Amino acid sequence: MAKKRAFITGISGQDGSYLTEFLLEKGYEVAGLMRRNAVSELGNIKDLRDEIKIYYGDLQSPESIALSLVDFKPDEIYNLAALTSPLNSFSDKISAIMVTGIGAVHVFERAKQIVPDAKIYQASTSEMYGAPTEVPQDENTPFSPHNPYAAAKEYAHRMAVMGRIDKKHPQFIACGILFNHESPRRGLNFVTRKITAGVACIKNNRRENIPLNEVGEPIVQNGKIVLGDLEAKRDWGYAPDYVEAMWMMLQQEVADDFVIATGEVHTVGEFAEEAFNVVGLNWKEYVITDPKFVPPVQTGPLCGNPAKAKKILGWEPKHKFKDLVKIMVHSDLAKFS
Ligand code: NAP
């Protein structure tokens, strides 16, 4: 039997790389769309280069998406590419909608013309809930985005649902409303990774080549990690668990929306406390705050109810909060020695 073919936009990102490994393991042929960099940087997929096909392109270029689909003819498409930082989206609102919102529609529309039977996964996000009035949130909780990234994601989400219910040309587009999921491959501009990389630099007494944060400053300054709102509440899971849920959604007969979450909520301060606990240090001595890392409009508390995913997909998170923090800290201790 011919191998199934999966096409992933954003293949070099955190989720794209874990999904690639997962699908190769399942016997898929995997291809991905990547932006061409000035230097040949494959990021998280550099070790997989010989096992996958790369198409250079951009979500803002429908032509590049079309050429890849014509050539690869995927059975499944995972649209993971996006500008993923909610905080940075405030200072680049146009790119947020052009890439994360309209870019997704380019994928849906080109797929409709070229591979109309392909099943599509759209990477929706819990950020679409904004500051929700109900906790936990599920598939019926109203969206009320509080940042440009989330607004762009809501637009893509609604266009996905529209594609699904289109009577003339219905498409299979499943939306995963994923709550935060982290890993050692998370970008250093995200708070969890800033904390675990910072903990590693402090514990290892690293003084040079300190990794940089989202504003281009060293993550550790004068022996301290600088964070935003320590009371921000999130539901953090482990990325490899979450990419399995994406695949499960495309194995269904009918496309639908699914919340993917752990159902456990923690503050940023608790994440920092747990990360410093892993190396036997007291977090209060090493963390300071700066309002520049607090978004102008706050989101949360975010806490998901994954009951539908459990019932219909049979999905459950395999890792809990403490496992996640430990995995990330240990990885960064080795990386920033
Ligand atoms: P990530 O690590 O930031 O990866 C995003 C990928 O998108 C990168 O490979 C990036 O490539 C690519 N990209 C950005 N702009 C592009 C463009 N114009 N054309 C083509 N590719 C472009 O994000 P992630 O954590 O893996 O997340 C995957 C998806 O899930 C995203 O859509 C994200 O919004 C969504 N999501 C994530 C979470 C989470 O907690 N991780 C939660 C809910 C939803 P470059 O390297 O070239 O920048």
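Leaving aside neighbours within four places in sequence, Lys 194 is in contact with Leu 188, Asn 213, Glu 214, Ile 219, Ile 225, Val 226, Leu 227 and Phe 293. Please keep in mind as you read that this is a predicted model.

- You will find Lys 194 in helix 6, which runs over residues 191-203.
- Lys 194 has a relative accessible area of 3%, and because that is under the 20% cut-off, the residue counts as buried.
- The side chain of Lys 194 makes a polar contact of 3.1 Å with the side chain of Glu 214, a residue that is also on the contact list of Lys 194.

**Around the ligand**

- The shell around the ligand holds 24 residues, and those that come nearest are Asp 15, Arg 35, Thr 84, Tyr 149 and Lys 153.
- By type, the shell divides into 10 nonpolar, nine polar and five charged residues.
- Helix 1 (14-25), strand 5 (119-125) and helix 5 (148-165) each supply at least two residues of the shell.
- Strand 5 gives the largest share of the shell, with three residues.
- Backbone atoms take part too: a polar backbone atom of Gln 14 is 2.9 Å from an oxygen atom of the ligand.
- For Leu 80, the distance from a backbone N or O atom to an oxygen atom of the ligand is 2.8 Å.
- For Ala 82, a polar backbone atom lies 3.3 Å from an oxygen atom of the ligand.
- On its own the ligand has 890 Å² of accessible area, and the protein covers 87% of this.

**Nonpolar cores**

- The largest nonpolar core has 38 residues, and Leu 23, Tyr 78, Tyr 121, Met 249 and Ile 260 have the most contacts inside it.
- Elements that each supply at least two residues of this core include strand 1 (5-9), strand 2 (29-34), strand 6 (172-178), strand 12 (257-260) and helix 9 (307-313).
- Beyond its neighbours within four places in sequence, Leu 23 is in contact with Ala 6, Ile 8, Tyr 28, Val 30, Tyr 78 and Trp 247.

**Backbone details**

- Val 135 and Pro 136 are joined by a cis peptide bond with omega of about 0 degrees, and Pro 136 lies in the loop between strand 5 and helix 5.
- Gly 300 and Pro 301 are also joined by a cis peptide bond, with omega of about 5 degrees; Pro 301 is in the loop between strand 14 (287-289) and helix 9.
- Lys 73, a residue other than glycine, has a positive phi near 45 degrees and sits in the loop between helix 2 (62-72) and strand 4 (76-79).
- Asn 209 is not a glycine either, yet its phi is positive, at about 50 degrees.
- Asn 209 is in the loop between helix 6 and strand 8 (220-221), and its relative accessibility of 66% makes it exposed.

Conventions
Residues numbered from 1 in each chain as written. Predicted model: local features only at pLDDT ≥ 70, side-chain atom pairs only at ≥ 80, totals over all residues. Heavy atoms only, no water. Near = heavy atom within 4 Å. Polar contact = N/O pair within 3.5 Å; in protein donor to acceptor, adjacent residues only side chain to side chain. Areas by Shrake-Rupley, 256 points an atom, 1.4 Å probe, with all protein chains shown as cover. Helix = DSSP H or I, 4+ residues; strand = E, 2+ residues; numbered from the N terminus. Nonpolar A, V, L, I, M, F, W, Y, C, P; charged D, E, K, R; others polar. Buried < 20%, exposed > 50% of the residue type's maximum accessible area, 1.4 Å probe, protein only. Contact = heavy atoms within 4.5 Å. Core = buried A, V, L, I, M, F, W, Y, C linked by side-chain atoms within 4.5 Å.
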